[in-house]
Amino acid sequence: MRRYESKAEPMPAVAAGADAGQIIFYGVDRSGPSFEGRVFVNANRASVETPCTAPEGFAGIFTVFGHGGCVGGPGHCDPDIAPDPDFELRQPQGLPPINKAVDLSKSMVDRLRTSDTVTITVVALEPSDDGPTISEALEFDSWRLTIYEP
Amino acid sequence: MSPQPRSAGRPSAIKWRRSVESLSDEQLERLRTAFRGVMQLKDDRGYWYHAGIHGLPLPDHCRVAHGTDLFLPWHRAYLYRFERALQDLGDRGVTLPWWDWTSPGSQNGGGTIPDAYARKRPGRKPNPLYSADVDPIALNQWSHPLNRPAPPFEYKAQTERFPGQASRLPTADQVRLILQIDDFREFSTAVEEIHGWVHVWVGGQRGHMGNVPLAAFDPIFWAHHTMIDRIWRLWQRRHPQSVLPAGLHTEALRPFEFTVGQVLDVGPLGYDYASATTKVGV
């Protein structure tokens with residue numbers, strides 16, 4: 001996908017004194033081209049032109065160092081399906097997805113503290129001769145917002 | 001049984017890795033000579049063989065080394081093997097330098113490739129650190145995938161860089177914060193993240209460094225990963241009490257003849273990192 005925008009999810013209460021958190025993306029595909037994911041919070045209109053600054057809701061980036069696609073035959077890069085996992089001694093043979101995390105600054109945590117809802121937007125960008133351009137490579141299963149104990 | 005180094009831990013045998021920015025002209029020329037030599041070998045002592053271990057030609061062994069707890073130890077074993085291949089050509093003192101992309105020189109103007117790797121013909125001789133031939137078997141596998149249409153573009157037969165088209169170089173402050181992390185798994189994940197920034201920053205859209213299967217053909221790959229290994233070494237010095245995830249010590253580092261436990265300590269591997277070193281004869 002080119003861009004991900006979540007629904008407005010209820011924002012859990014943030015403990016007094018909490019000043020650190022993460023947005024964790026699970027099951028991020030890395031089989032395609034390399035790209036960077038710019039992550040915005042409560043910034044529904046975020047796009048490739050949106051400045052990566054706190055007032056614009058920018059939370060951080062994650063970068064996927066990609067494989068550029070599978071060169072093998074059908075199934076070559078599929079995540080393993082071990083027929084008998086009790087006796088599977090090999091290391092992973094396929095190319096399973098990975099998890100990525102973006103650390104939240106204190107100011108972003110403070111901002112979330114006063115918000116009833118949270119919306120996550122990810123804008124995926126690939127390098128090009130004209131600078132970063134929108135990418136189709138973004139795929140992931142789910143995300144989690146965590147605010148850590150003070 | 002895995003081999004044990006013959007000079008395990010002997011201080012006199014330790015070789016020092018240095019910042020590429022601090023190499024003397026003589027040290028830099030020795031490095032270039034070693035790269036030229038290994039690039040001329042087309043068997044399993046040569047550049048193509050070692051670069052190909054990371055990705056193409058298949059099998060692409062590094063898939064166990066990205067996005068896993070093996071990221072740091074796998075690449076340490078990889079650097080060790082390549083550095084030994086450079087030394088096998090006769091200059092036992094040559095070592096892999098690190099590219100400190102956080103240095104003022106590298107951060108200058110939004111990012112700069114070090115001069116040692118950026119100059120095409122220093123002294124009117126081709127610079128083996130500027131670009132390398134790519135194994136044609138690797139290029140052929142990239143261009144003729146079995147499982148999908150041909151890729152949207154073909155990589156050149158000599159490595160190229162398009163720095164700054166996307167991503168960014170990590171800063172010294174970011175590395176400082178990462179070095180404060182206590183937990184190995186969190187530390188490894190954070191280092192792997194900024195490592196990806198550098199790959200994408202250097203390679204851009206069509207540069208080999210930005211694509212896992214071909215990245216190691218670019219000579220700057222080795223300086224980048226030596227920096228990553230150095231950060232791990234700095235972290236190990238600062239967090240000696242940190243323990244690895246259960247079971248990681250005995251994990252094999254395919255295709256190398258080591259386990260994770262065998263590469264944790266750089267002493268038996270025969271190298272360390274020096275911000276300054278001098279040897280005085282008497």
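How much area do chain A and chain B bury between them, and what percentage of it is on carbon and sulfur atoms? Working from a predicted model, I find that the two chains bury about 2800 Å² between them, with 53% of it on carbon and sulfur atoms. When I looked up which residues of chain A supply this area, I noted that F65(A), V71(A) and Q91(A) give 27% of what chain A buries against chain B, more than any other three residues. The contact takes in 33 residues from chain A and 38 residues from chain B.

Next I turned to the polar side of the contact. I count three salt bridges between chain A and chain B, and one of them joins K100(A) to E193(B), whose closest N and O atoms lie 2.8 Å apart. I also count 12 residue pairs in polar contact between the chains, both residues being at pLDDT 80 or more. On the side of chain A that touches chain B, the elements that give two or more residues are β5 and β6 (98-104) of chain A, and β5(A) gives the most, with four residues. I sorted the residues of that side into 13 nonpolar, 15 polar and five charged.

Since β5(A) had come up, I looked at this strand by itself. Seven of the seven residues of β5(A) (residues 58-64) are buried, so the strand is largely enclosed by the rest of the structure. Its partner in my notes is strand β4 (residues 35-41) of chain A, which runs antiparallel to β5(A) and is joined to it by six bridges. Within this pairing, I see F40(A) standing opposite F58(A) of β5(A).

Technical notes. Residues numbered from 1 in each chain as written. Chains lettered and ligands numbered in written order. Predicted model: local features only at pLDDT ≥ 70, side-chain atom pairs only at ≥ 80, totals over all residues. Heavy atoms only, no water. Buried < 20%, exposed > 50% of the residue type's maximum accessible area, 1.4 Å probe, protein only. Pairing = 2+ DSSP bridges. Contact = heavy atoms within 4.5 Å. Buried area = accessible area lost by both parts, 1.4 Å probe. Salt bridge = Lys/Arg side-chain N within 4 Å of Asp/Glu carboxyl O. Polar contact = N/O pair within 3.5 Å; in protein donor to acceptor, adjacent residues only side chain to side chain. Nonpolar A, V, L, I, M, F, W, Y, C, P; charged D, E, K, R; others polar.
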